[in-house]
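Trainee: I would like to learn how to read the features of a protein model. Please take me through one.

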Amino acid sequence: MRLNHAILDRESREKKATKIIRIIESRKSLKGTKVLEIGTGSGVTAAVLAEEVGEAGAVYAIDIKDQRVVHEGYDFREVAGTALPFQDGEFDVVISNHVIEHVGSRPDQLHHLAEIKRVMKANALLYLAVPNKWRLVEPHYKIPILSWMPQQVADLVVRASGKNEEFDCKSPSRWELRRLFSQSGFIHEELDREALRIVGEIEGSRAAEFMSRLPKLILSTMLLIVPTFIVTARKRR
């Protein structure tokens with residue numbers, strides 16, 4: 001059974017939207033662009049994005065279930081599976097924020113990326129965030145090292161917790177994520193230091209700000225268990 005793990009509180013979503021926008025706009029202006037948000041959840045990020053793109057742009061948001069708390073400013077469509085209900089080359093920016101771990105097996109994740117690539121324009125930008133398989137506490141079930149376990153063991157642990165009948169989140173390791181992007185025809189950029197700095201500034205996290213200032217060698221070692229991977233990607237030409 002696949003649970004819906006969306007976070008719907010407005011304040012945290014607004015902070016998340018601010019982080020996403022800052023990262024995107026350091027690489028591509030959002031003004032006048034056509035944006036797709038996959039897995040919109042509360043709809044807060046889509047609404048904030050709509051303010052950024054302005055009247056000359058447009059924001060489309062999709063999800064497998066409508067549980068939005070903000071409905072205005074963007075176009076919403078309910079979908080099933082990983083297929084995207086859009087034409088080839090429609091979007092300037094695509095956002096997949098904590099979605100890919102929910103779509104299923106590795107072939108499903110490859111299809112998720114293939115569909116994203118299909119609907120992106122030639123010079124479009126993808127923003128993607130996903131939990132690290134090796135993080136100490138699995139974020140959806142709040143169970144230590146759950147994502148480290150073999151599937152059958154993780155299923156038993158989740159079942160014993162009473163939270164679900166199976167462990168339904170397939171977070172990749174850094175190396176698995178790199179392989180997914182390579183196989184999907186993307187060139188991606190890993191934004192560990194930049195994301196930590198922005199989180200420190202937006203959320204007032206001294207730990208994140210401290211980590212962002214560490215020497216590269218030390219930071220690289222600590223990032224083996226970084227909670228979340230944040231990357232941007234473009235189509236390989």
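Mentor: We go from the whole chain to its aromatic rings, its charged pairs and one surface patch. Keep in mind that this is a predicted model.

Trainee: How many helices and strands are there in the chain?

Mentor: The chain has 8 helices and 9 strands. Of its 237 residues, 48% count as buried. Among contacts between residues at least 6 apart in sequence, 70% join residues at least 24 apart.

Trainee: How is a pair of aromatic rings described?

Mentor: By the distance of the centres and the angle of the planes. In this structure, a search finds 6 aromatic pairs. One of them joins Tyr60 and Phe86: the centres are 5.8 Å apart and the planes stand at 80 degrees, so the pair is edge-to-face. Tyr60 belongs to strand 2 (residues 58-63), while Phe86 is in the loop between strand 3 (75-78) and strand 4 (91-97); the two are 26 residues apart, and the pair links distant parts of the chain.

Trainee: Are Tyr60 and Phe86 buried or exposed?

Mentor: Both Tyr60 and Phe86 are buried. Another pair is formed by Phe181 and Phe186, with centres 5.8 Å apart and planes at 90 degrees, so this one is edge-to-face as well. Phe181 has 0% relative accessibility and therefore counts as buried. Phe186, at 2%, also counts as buried.

Trainee: Which residues form one aromatic cluster with Tyr60?

Mentor: Phe86 and Phe91 are in that cluster with Tyr60. Phe91 also has a charge over its ring: the charged end of Lys34 sits there, 5.3 Å from the ring centre.

Trainee: Which side chain does Lys34 meet in a salt bridge?

Mentor: Lys34 meets Glu90, with a distance of 2.7 Å from N to O. Glu90 is in the loop between strand 3 and strand 4 and Lys34 is in strand 1 (residues 34-38), so read this as a link between distant parts of the chain, 56 residues apart. Buried means under 20% relative accessible area. Glu90, at 18% relative accessibility, counts as buried, whereas Lys34, at 22%, counts as partly exposed.

Trainee: Where does the charged end of Arg68 sit?

Mentor: The charged end of Arg68 sits over the ring of Phe76, 4.1 Å from its centre. Arg68 also forms a salt bridge with Asp66, where the closest N and O atoms are 2.9 Å apart. Arg68 counts as buried at 16% relative accessibility, and Asp66 is partly exposed at 36%.

Trainee: Which residues form a nonpolar patch on the surface?

Mentor: Trp134, Leu136, Val137, Ile145 and Trp148 form it, with about 430 Å² of accessible area together. Trp134 is found in the loop between strand 5 (120-131) and strand 6 (137-138). At 34% relative accessibility, Trp134 counts as partly exposed.

Methods
Residues are numbered from 1 along each chain as its sequence is written. Side-chain values use heavy atoms; hydrogens and water are left out. Patches are made of residues with over 30% relative accessible area and no salt bridge: like charges are joined within 9 Å, nonpolar side chains (Val, Leu, Ile, Met, Phe, Trp, Tyr) within 5 Å. Accessible areas come from the Shrake-Rupley method with a 1.4 Å probe; for residues, only the protein chains shown count as cover. A salt bridge is a side-chain nitrogen of Lys or Arg within 4 Å of a carboxyl oxygen of Asp or Glu. Helices (H or I, at least four residues) and strands (E, at least two) are DSSP runs, numbered from the N terminus. Buried means under 20% relative accessible area, exposed over 50%, partly exposed in between (1.4 Å probe, protein chains only). Rings of Phe, Tyr and Trp (its six-membered ring) pair if their centres lie within 6.5 Å; planes under 30 degrees apart count as stacked, over 60 as edge-to-face and the rest as tilted. A charge sits over a ring if NZ of Lys or CZ of Arg is within 6 Å of the ring centre and within 35 degrees of the ring normal. Contact means heavy atoms within 4.5 Å.
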